[in-house]
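Biologist: I have a new model open here. Can you walk me through it?

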Amino acid sequence: ANDLSAATHRSRVGAKQFQKTFSVAHPNNRKTMATDELQLAGVSLVGRGAPVSGNLRVSAAGFNWKKGGGGGRSVDVPKKDVGELSYVVAPGGIMLTVKRKSGEVVRLKGFKGGDMAGLKELCEAQLGAKLARRDAQINGRNWGEVDVAGGTVHFGVDGKTSFEVSAKDISACSMVSKHEVMMEFHIDDGAAKDALVEMSFYVPPSSANWGTAEEDAEDAGEDTAAKKLQDAILEMADTDAATGDAIAEFDSVSLLAPRGKVSIELHQSFLRMAGSAVDFKIQYSSIQRLFLLPQPNKPQVYAILHLDPPIRKGQTFYPHIVGVFNANEELEVEPAMDDDVRAKFPQLEETYEGPSSEVFVRVLKAVAGCKLTRTGTFTSPEGGNAVKASYKAEVGHLYPLEKSFFYLPKPALLLHYAEVDSVEFERHTGASAGGAGGSTRTFDIVIQMKTDNEARHTFHGIPKSEFQNLVNFLTAKQLKISNVDANARADRLIADEEEEEDHHAARLKSRASRDDDDEGG
């Protein structure tokens, strides 16, 4: 009689989706352990969508998880933020729960039984926190008790954990009937295709945690057990971020990926892009980094949002949103700020003024809390900070940045140096425009990635004048140039250029001699 029933679990693919978010295959890799740290591969970050596989490092500094393959999402929990540590053993594997002192919860799955002894010792010795085991309820019953505390909504059956929901994922909580409470979750167009979007609880008046005495139920009026649960959830839920006016708006922003012209609204926890062809809502947690890259020799600037997970339009996924701004356009923005906004975003300024691209990324950086990358030390002899190159059938520019290559505009391709195995320089074998047998004026580079033997990216049609500059830059970044001796290749290219100049000078001299003969005759 004192049980509480979870009435409905509705997701985009059906009632079983919530359980699916807790399953992940065990990897065949394994661990590297030193005396003061533990590294585990194949550990998945668990959220409302499908688990994301990555690598976990536990040390005296705290917990650090990075998505496998590089260049994607990362989660850090510093030692000073570590609150409670616990784990549960279920048929799908072992799941670790790291609760921050702020109440936010990070869940990781993919551990083996043999990992836990070393992990327990390390957490206690280096982090000063005990890793406790909790019993999981796996019998499938949907009636139990709800506890709302520490930033989570916890559903338990017979004293065992059935599931937990982070309060920050809840966008709304309402009563659909006198005894039923419905929670709605933030919808993120960058999330996986299948994700939990709604959950309902039936709360009887006799609930042990939330109910009233049976004889007082009629006198309770509006203060029912369901109303008490709703109030408790609303105190912690991130409902304010899902409503209200935008902090800042940017109209008529041109996008190259996905293509279209949109208006962009920046809210407290998400960004909304709306246009005739697109309408996306993206949580700030999906924005991993911003890039601001001017086009060489053109009055245009790329503003790129690097997303993980990517957004989806039709059957196409977009890990990068590429906007283009006029470099000569000035803009002034005054964010809509009240006391709550000022407290939540201390880096947000009262007024932003300057080039439109600069204003956009500065405001977004302040509210999203992500990092901003600009052009680095590489400078092209042709002007700008990128080299002209073609990728497959598309013509664009390759930006050698401080920690990565970035090819723009289509397809937007980000290649981190940490994931690059080698760079190979190749020259065209065809004749130049001067005729058969002439030297080529362009060369190619092939970038081989570490993560996949099949991942080879070829950029062709790069002007030969860029060669030595690229070699010097990549050598300074300690990237492996696999196929040639860089100095020998540079000498050969320089010799080819000098030979071309000699032929050109000889032609001019011959022409001048003929002109003199004509005048003398």
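Modeller: A term to start with: buried means under 20% relative accessible area, exposed means over 50%, and partly exposed lies in between (1.4 Å probe, protein chains only). By that scale Lys477 is partly exposed, because its relative accessible area is 26%. Now the ground rules. This is a predicted model, where local features need pLDDT of at least 70, side-chain atom pairs count only at pLDDT 80 or more, and totals for chains, interfaces and linings use all residues. Residues are numbered from 1 along each chain as its sequence is written, and side-chain values use heavy atoms, with hydrogens and water left out.

Biologist: Fine. What does Lys477 pair with in a salt bridge?

Modeller: Glu402; the N to O distance is 2.7 Å. A salt bridge here is a side-chain nitrogen of Lys or Arg within 4 Å of a carboxyl oxygen of Asp or Glu. The pair links distant parts of the chain, 75 residues apart. Lys477 is in the loop between helix H6 (467-476) and helix H7 (486-520). Glu402 is in the loop between strand S28 (394-400) and strand S29 (404-408). Helices (H or I, at least four residues) and strands (E, at least two) are DSSP runs, numbered from the N terminus.

Biologist: And how does Glu402 count for accessibility?

Modeller: Partly exposed, because its relative accessible area is 32%.

Biologist: Is Asp158 buried or exposed?

Modeller: Exposed, because its relative accessibility is 58%. Arg141 has 22%, so Arg141 counts as partly exposed.

Biologist: What does Glu349 form with Arg362?

Modeller: A salt bridge, with the closest N and O atoms 3.1 Å apart. Glu349 is in the loop between helix H4 (339-344) and strand S25 (352-355), while Arg362 is in helix H5 (residues 356-368). The two are 13 residues apart. Glu349 is partly exposed because its relative accessibility is 37%. Arg362 is partly exposed too, at 27%.

Biologist: Switching topic. Where is Ser59 found?

Modeller: In strand S4 (residues 52-59). Ser59 has 7% relative accessibility, so Ser59 counts as buried.

Biologist: Which residues does Ser59 touch?

Modeller: Asp36, Glu37, Gln126 and Leu127, leaving aside residues up to four places away in sequence. Contact means heavy atoms within 4.5 Å.

Biologist: Now the whole chain. How many helices and strands are there?

Modeller: Seven helices and 33 strands. The chain has 521 residues, and 45% of them are buried. Among contacts with a separation of 6 or more, 50% are between residues 24 or more positions apart.

Biologist: Last one. Which strand is Glu332 found in?

Modeller: Strand S24 (residues 330-333). Glu332 counts as partly exposed because its relative accessibility is 48%.
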